[in-house]
Amino acid sequence: MLKIENLHCSVGEKEILKGISLSVNAGEIHAIMGPNGSGKSTLAQVIAGHPGFEVTQGTIDYEGSDLLDMEPEVRAQKGVFLAFQYPVEIPGVTNAYFLRSAYNEIRKARGDEEMDPMEFLDLMEAKLKLVDMDTALLHRSVNAGFSGGEKKRNEILQMAVLEPKLAILDETDSGLDIDALRVVAGGVNALRKPDNATVIVTHYQRLLNYIVPDFVHVLAGGRIVKSGGKELALELEAKGYDWLVEAA
Amino acid sequence: MTGGGAQYSEAFAALGGGGPPAWLADLRKAALAEFSTLGFPTTRNEDWHFTSVTPIAERTFRSAKPPSGAPPLTELLEAVTGDPAWPRAVFVNGSFDGSLSSLGGLPQGVRVNTLTAALKEEPEFMAAHLGKLATFDAQAFTAFNTAFAQDGLVVRVPRELKVPLPLHIIHVADAQAAGCMLHPRLLVMVEELAEFAIVESFVSFNGTEYFTNSVAEATVGNGARLHHYKVQRESREAFHVGTMQVAQGRSSLFHSFSYASGAALSRTNIYAKLLGEGAEVQLNGLYLIDGSQHADHQTFVEHIAPSCASRELYKGIVDGDAHGVFNGKVFVDPEAQKTDGKQSNHTLLLSPTARVDSKPQLEIFADDVKCTHGSTVGRLDEIALFYMKSRGIGAENARALLTYAFAAEVLETVELDALRDGLEHIAFQRFTHTDQR
């Protein structure tokens with residue numbers, strides 16, 4: 001589904017990713033771990049098309065197409081979703097309107113009919129339950145005045161509605177208490193299907209107790225320094241990152 | 001520059017002396033004299049540095065005649081934002097229209113009178129208050145209004161009465177107003193511990209080129225609260241100058257919201273004097289302009305008493321060749337210790353030729369005060385755009401929604417649901433070109 005080869009990326013003069021290669025197949029869950037500043041959030045944002053990073057070398061193939069050649073909205077329409085580490089507040093635009101706009105633009109791009117507001121509300125009811133959120137939230141402005149936990153749940157709600165093929169969760173666990181973490185993980189697990197894939201970017205192993213990865217990659221200094229199975233996450237939890245960073 | 005008053009001396013003579021009563025005739029004469037001396041302000045005047053009123057000064061507007069016929073009520077109510085159930089006073093081309101007005105919904109004790117009736121029925125009150133706050137010393141447009149104001153409204157809210165519904169004052173200009181000047185006058189007295197809200201809408205029905213020069217003066221008593229919402233949606237060929245002068249007592253609140261999307265050239269002056277300890281003033285506004293429109297807001301908050309707070313948030317979205325101006329002055333008297341002042345002005349420029357001038361001015365003569373101001377001029381936040389696009393929303397739609405969101409932040413300060421909904425709808429439609437929110 002996703003094939004990253006020798007990806008280099010910079011902000012200004014500073015190179016942040018220094019040759020990343022990674023393959024993600026349908027049905028898989030990958031965890032990308034690493035110390036602060038290792039480039040893992042950058043990788044997530046580059047896949048989604050963040051305008052602040054310049055890809056200087058390498059390729060990203062997504063379902064046979066050049067992902068880097070697509071605008072962020074086209075990536076989303078083709079099934080790429082990034083749950084933001086810091087979701088953006090949009091005062092005055094309700095969650096319901098925002099999500100319906102996104103949902104319908106994606107449908108339109110796929111040649112499907114747009115859904116009317118009433119039908120859409122029914123769909124939302126079901127999705128809200130998944131992340132244990134109240135319907136009142138639909139009529140509040142996007143993320144405006146939300147607590148940290150509410151923002152993260154809202155990201156998973158968006159993911160549940162948009163049903164991406166490739167979901168990337170960027171530090172979705174940071175700042176969550178244990179209950180919110182369970183809810184978020186429960187949502188992600190419920191959305192898992194054989195034909196979609198999930199990439200979890202995280203600093204801590206904690207979330208991986210609830211969402212069990214098939215592969216764990218350790219990013220340090222802009223490179224993947226080690227890959228392994230789910231047991232690698234536990235090893236990292238016990239030993240920290242230093243031994244890998246030093247080895248790299 | 002023409003002499004202001006001289007240009008209008010014939011029109012003044014035609015009014016027949018400006019009285020009775022005699023004090024009013026004297027007041028008007030003095031106002032005309034001041035207007036003649038001052039002339040229209042030029043851009044050499046610091047307060048008018050970014051706004052040239054040459055288009056107003058080079059024309060000679062006629063006094064408006066009482067209109068023959070008026071817009072149908074249903075159409076009028078559709079053209080304004082707000083709840084049709086609100087009590088309303090309607091002025092057509094400057095003249096009060098009793099048939100379009102409906103003041104029955106106001107509770108007992110609230111006195112609403114037209115300027116003409118008030119001069120007859122409550123002469124002592126009028127002599128004591130008219131022109132006392134909105135003084136015309138060095139204020140050409142206030143002098144101009146004082147000399148010529150023929151109609152308007154006088155509102156008195158008695159002690160401790162909290163009026164549940166706002167009073168909607170609707171100023172309509174129609175095709176007959178072409179070439180005319182309209183000088184509406186508003187006098188408001190909110191007594192101790194009372195609460196009142198006024199919505200003033202300026203709209204046009206096939207209006208073309210006319211000049212609205214409104215003056216309002218309001219006293220907010222101790223512990224009283226006054227909300228004033230101004231919705232300026234004049235004809236795009238019109239000129240609009242609106243001045244409001246407010247005096248606030250102890251622990252009172254004055255909250256002003258100014259929406260400006262109409263007129264070729266508009267200027268809104270809001271002057272608040274914090275005279276009693278612990279008073280609070282909140283001034284908010286939104287200007288949405290394009291084409292060759294010019295919209296200027298000037299605020300002047302005088303912290304005279306200690307422990308008062310002032311909060312200002314003005315936002316603008318400027319497109320085309322339009323020009324927005326914000327000039328916010330805060331004065332802190334040596335006596336006004338513990339003053340807490342905060343002022344912000346944020347403008348979004350949607351085109352390379354759109355322009356804004358933002359000028360905060362702080363004059364602080366007390367030492368124990370907290371005063372801040374911030375001003376930003378910018379374009380849409382790239383990260384917010386990316387967030388929307390990453391959800392599949394196309395670039396154009398994402399820009400439209402974010403532009404609306406920029407306006408919505410200040411519209412949220414409108415506490416009247418029907419008015420806020422109406423303005424949100426207008427702003428949403430303006431930027432997204434769709435009705436559904």
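I began with the second largest cavity of this predicted model. Its volume comes to about 80 Å³.

I then looked up what lines the second largest cavity. From chain B I noted B:F91, B:G94, B:H171, B:V172, B:A173 and B:L182. I also noted B:P184, B:F202, B:V203, B:Y210, B:T212 and B:E234 in the lining.

Next I asked which elements give two or more residues to the lining of the second largest cavity. I found β6 (167–174) and β9 of chain B. The largest share, three residues, comes from β6(B).

I sorted the lining of the second largest cavity by class and got eight nonpolar, three polar and one charged residues.

I went back to the search of the whole structure, which finds seven cavities of 30 Å³ or more. The largest cavity holds about 100 Å³ of space.

For the largest cavity I looked up the elements that give two or more residues to the lining, and they are strands of chain B. I wrote down β9 (195–205), β10 (211–220) and β11 (225–233).

Last, I asked how the residues of the lining of the largest cavity divide by class. I recorded four nonpolar, eight polar and two charged.

Notes: Residues numbered from 1 in each chain as written. Chains lettered and ligands numbered in written order. Predicted model: local features only at pLDDT ≥ 70, side-chain atom pairs only at ≥ 80, totals over all residues. Heavy atoms only, no water. 1 Å grid on protein atoms, 1.4 Å probe; cavity = no way out; pocket = protein on both sides within 12 Å on 5 of 7 lines; lining within 4 Å. Points joined across faces, edges and corners; volume = space filled by probe spheres on them. Helix = DSSP H or I, 4+ residues; strand = E, 2+ residues; numbered from the N terminus. Nonpolar A, V, L, I, M, F, W, Y, C, P; charged D, E, K, R; others polar.
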